[in-house]
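Keep the sequence and the 3D view side by side as you read.

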Amino acid sequence: MCEIFGCSSSVSIKINDYLKEFYSHSNEHPHGWGLACMSEEDVQIEKEPVQATKSHYLKERMTVPIYVKNGFAHIRYATIGNVYYKNCHPYTGKDRSGRRWTMVHNGTIFEYAPLHSYINVQQGDTDSERILLYIIDQMNENMILRKRELNEKERFQLLDSIVQEMAKGNKLNFMIYDGEIMYVHTNLANSLYRLEKEEQAFFSTRPLTEENWQPVPFTTLLAYRDGRQLFQGTNHGNEYIESEENLKFLYQIFSNL
C-alpha cells in the first residue's frame, strides 16, 4: 500500500525532521513521493514517480526549512494505477465555490459504484483520484441544492455520510484539507497514528518519533483546525479486514502495472 503524513497547526512550524523519517520508509514504498504545503488560499504540491530516497530533487528540497500550518506527505506503493507522475499523491481540485480540496490516500477501493463514472474523466488511473473527484462533486451538488456555499458543519456532515458508505468493504485511510479543516479517517486498526501537542496535531501511518503517538480512532471521521479537533463523526463500524480474496485482487492488478 502507501504511507501518509499530515499536520495541522495554529502557527507555522518546521516539519523537516518528521518528513525525513517519513520519507526514509520509501524503500518499502518505492513508486513515488509527494508533498503538499497548504494555506487557505492555495496549495503548493511537489511530487515525483520515483522512490523518495533516490530523488535528487527531494534531497535538495529537504536542505531548506519547510514551514507549514497544514501539510501532507505521501509515499506510494502502487496497487491501482501505473507508476506515473499523474498517479502520485497528493491530489487537489476546486469545488464550484472556489474552495480547494487536497487529499492523500492509503488504501484500495475494491467496489464502490459511484466512482465508476470518473474513470473516463480523471487525469490518472488511480482509485484515490476518483475519491477526490467524487467528494468535490458531492459538495457541488449539495451547494446547488441549498443555493449557497456550505458551512464547516455541513461540509463535515456530508463528508461523514460519504465515508460511512464508501468504507464498506474498502480500505479508506485518508486525509483531506479543504482550506480550513483537515479531515482524517482510517478503518484499518493501528494503521494511522496521531501525535497531539499544544495547538499541533500530526498524523502518520507509522509513528515517526519516540513521542507519544497514539492510534487514530478508526471507523470514525475526525476534523481538525489549527491543531485542535473540531468535529468527530459517526462510528460507522465498517472496519477493513484484509482477506485472501482482496489480496488476490491486488496481486492481479499489480502484476499488470
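Two strands pair if DSSP finds at least two bridges between them. Helices (H or I, at least four residues) and strands (E, at least two) are DSSP runs, numbered from the N terminus. This is a predicted model, in which local features need pLDDT of at least 70, side-chain atom pairs count only at pLDDT 80 or more, and totals for chains, interfaces and linings use all residues. Residues are numbered from 1 along each chain as its sequence is written, and side-chain values use heavy atoms, with hydrogens and water left out.

Start with the open sheet. Its six strands follow the order S5-S6-S7-S8-S12-S13, and the pairing is antiparallel. Strands S5 (91-94) and S13 (228-232) are the edges, since each pairs on one side only. Neighbouring strands of this sheet are turned by 25 degrees against each other on average, direction ignored. (Axes are lines fitted to C-alpha atoms, for helices over the stretch in contact, and angles run from 0 to 180 degrees between N-to-C directions.)

Now look inside the sheet. Strands S7 (residues 171-177) and S8 (residues 182-185) run antiparallel and are joined by four bridges. Phe174 has His185 in S8 as its bridge partner.

Two helices pack on this sheet. Helix H3 touches S5, S6 (100-108) and S7, and its direction makes about 140 degrees with that of S6. Contact means heavy atoms within 4.5 Å. Helix H4 (residues 152-166) touches S6, S7, S8, S12 (222-225) and S13; its direction makes about 65 degrees with that of S13.

Zoom in on H3, residues 127-146, and find Ser128. Is Ser128 buried or exposed? Ser128 counts as buried because its relative accessibility is 4%. (Buried means under 20% relative accessible area, exposed over 50%, partly exposed in between, with a 1.4 Å probe and protein chains only.) Leaving out residues up to four places away in sequence, Ser128 touches His89, Tyr91, Met103 and His105.

Move on to H4. Its buried residues include Phe156, Leu159 and Val163. The buried residues of H4 pack against S6, H3, S7, S8, S12 and S13. The expected span of a helix is 1.5 Å times one less than its number of residues. The 15 residues of H4 should therefore span 21 Å, and its end C-alpha atoms are 21 Å apart, which agrees.

Finally, visit strand S1 (residues 3-14). S1 runs antiparallel to S4 (residues 67-75), with eight bridges joining them. S1 also pairs with S10 (residues 200-204) in the antiparallel sense, over five bridges. Ser8 stands opposite Asn70 in S4 and opposite Ala201 in S10.
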